[in-house]
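This briefing covers helix packing, the nonpolar core and a few individual residues. Please look over the model before reading on.

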Amino acid sequence: MSVTIPSAIPAESLRAWYDDEPRVSDVALYDMTAQGATTLASVLIERQLATADERDSEYWAARVRLVNQQRTALDPDDRLGLIAQQQAWLDEIDALTGQATRRIA
């Protein structure tokens with residue numbers, strides 16, 4: 001399975017980029033954040049499928065369940081919370097894949 005990671009945000013931080021892009025509505029931000037969860041879940045599932053160890057497989061499956069729970073709990077009216085959650089998922093994708101993303105200042 002191949003995962004496409006979002007390109008780097010051309011700003012000092014993800015939050016700064018969203019502040020400079022007022023055209024990104026809360027609805028679009030929610031959708032992009034939910035997509036971040038989907039991307040992370042696919043990376044985690046890839047890890048789960050790649051391991052032969054049952055304990056490792058259950059670990060990755062538990063991480064997928066947690067990401068899905070977090071996605072379900074997203075508050076579409078909490079713009080800063082959405083940005084922070086999106087950044088956390090991008091950081092985890094970065095840690096798992098080695099591809100750099102921006103961080104919240």
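Helices H2 and H3 are roughly antiparallel to each other (an angle over 145 degrees; under 35 counts as roughly parallel, 65 to 115 as roughly perpendicular and the rest as oblique). This is a predicted model, in which local features need pLDDT of at least 70 and side-chain atom pairs count only at pLDDT 80 or more, while totals for chains, interfaces and linings use all residues. Residues are numbered from 1 along each chain as its sequence is written, and side-chain values use heavy atoms, with hydrogens and water left out.

**Overall make-up**

- The protein has four helices and zero strands; helices (H or I, at least four residues) and strands (E, at least two) are DSSP runs, numbered from the N terminus.
- Read from the N terminus, the order of elements is α-α-α-α.
- Of the 105 residues in the protein, 34% are buried, where buried means under 20% relative accessible area, exposed over 50% and partly exposed in between (1.4 Å probe, protein chains only).
- Among contacts (heavy atoms within 4.5 Å) between residues at least 6 apart in sequence, 62% join residues at least 24 apart.

**H2 against H3**

- The axes of H2 and H3 are 9 Å apart and the helices pack at an angle of about 170°; axes are lines fitted to C-alpha atoms, for helices over the stretch in contact, and angles run from 0 to 180 degrees between N-to-C directions.
- On the H2 side, the residues that meet H3 include Tyr30, Ala34, Ala37, Leu40 and Leu44.
- On the H3 side, Ser57, Trp60, Ala61, Arg63, Val64, Val67 and Arg71 meet H2.

**H2 against H4**

- The axes of H2 and H4 come within 9 Å and cross at roughly 25°.
- That angle makes H2 roughly parallel to H4.
- Residues of H2 in this contact include Leu29, Thr33, Gly36, Leu40 and Val43, and those of H4 include Leu82, Ile83, Trp89, Ile93 and Leu96.
- The crossing of H2 and H4 is left-handed, a label used if the near helix is turned anticlockwise from the far one by less than a right angle, with right-handed used if clockwise.

**H3 against H4**

- The axes of H3 and H4 come within 12 Å and cross at roughly 160°.
- H3 and H4 are therefore roughly antiparallel to each other.
- H3 and H4 also cross in a left-handed sense.
- Trp60, Arg63, Val67, Gln70 and Arg71 of H3 make the contact with Gln85, Trp89, Glu92 and Leu96 of H4.

**Helix geometry and burial**

- The 25 residues of H2 should span 36 Å at 1.5 Å a residue, and its end C-alpha atoms are 36 Å apart, which agrees; the expected span is 1.5 Å times one less than the number of residues.
- Helix H4 (residues 79-97) has 19 residues that should span 27 Å at 1.5 Å a residue, in agreement with the 27 Å between its end C-alpha atoms.
- Among the buried residues of H2 are Leu29, Gly36, Leu40 and Leu44.
- Gly98 follows H4 and has a positive phi, near 80°.

**Nonpolar core**

- The largest nonpolar core has 19 residues, and those with the most contacts inside it are Tyr18, Leu29, Leu40, Leu44, Val67, Trp89 and Leu96.
- Helix H1 (14-20), H2 (26-50), H3 (54-72) and H4 each supply at least two residues of this core.
- A nonpolar core is a set of buried Ala, Val, Leu, Ile, Met, Phe, Trp, Tyr and Cys residues joined through side-chain atoms within 4.5 Å.

**Selected residues**

- Tyr18 is in contact with Val24, Leu29, Met32, Arg79, Ile83 and Gln86, leaving aside neighbours within four places in sequence.
- Leu40, found in H2, is buried with a relative accessible area of 0%.
- Not counting residues up to four places away in sequence, Leu40 touches Arg63, Val67, Trp89, Glu92, Ile93 and Leu96.
- Gly36, also in H2, is buried with a relative accessible area of 14%.
- With neighbours within four places in sequence left aside, Gly36 is in contact with Trp89 and Ile93; the C-alpha atoms of Gly36 and Ile93 are separated by 9.0 Å.
- Ile83 lies in H4 and counts as buried at 2% relative accessibility.
- The C-alpha atoms of Ile83 and Arg15 are 68 residues apart along the chain and separated by 6.3 Å.
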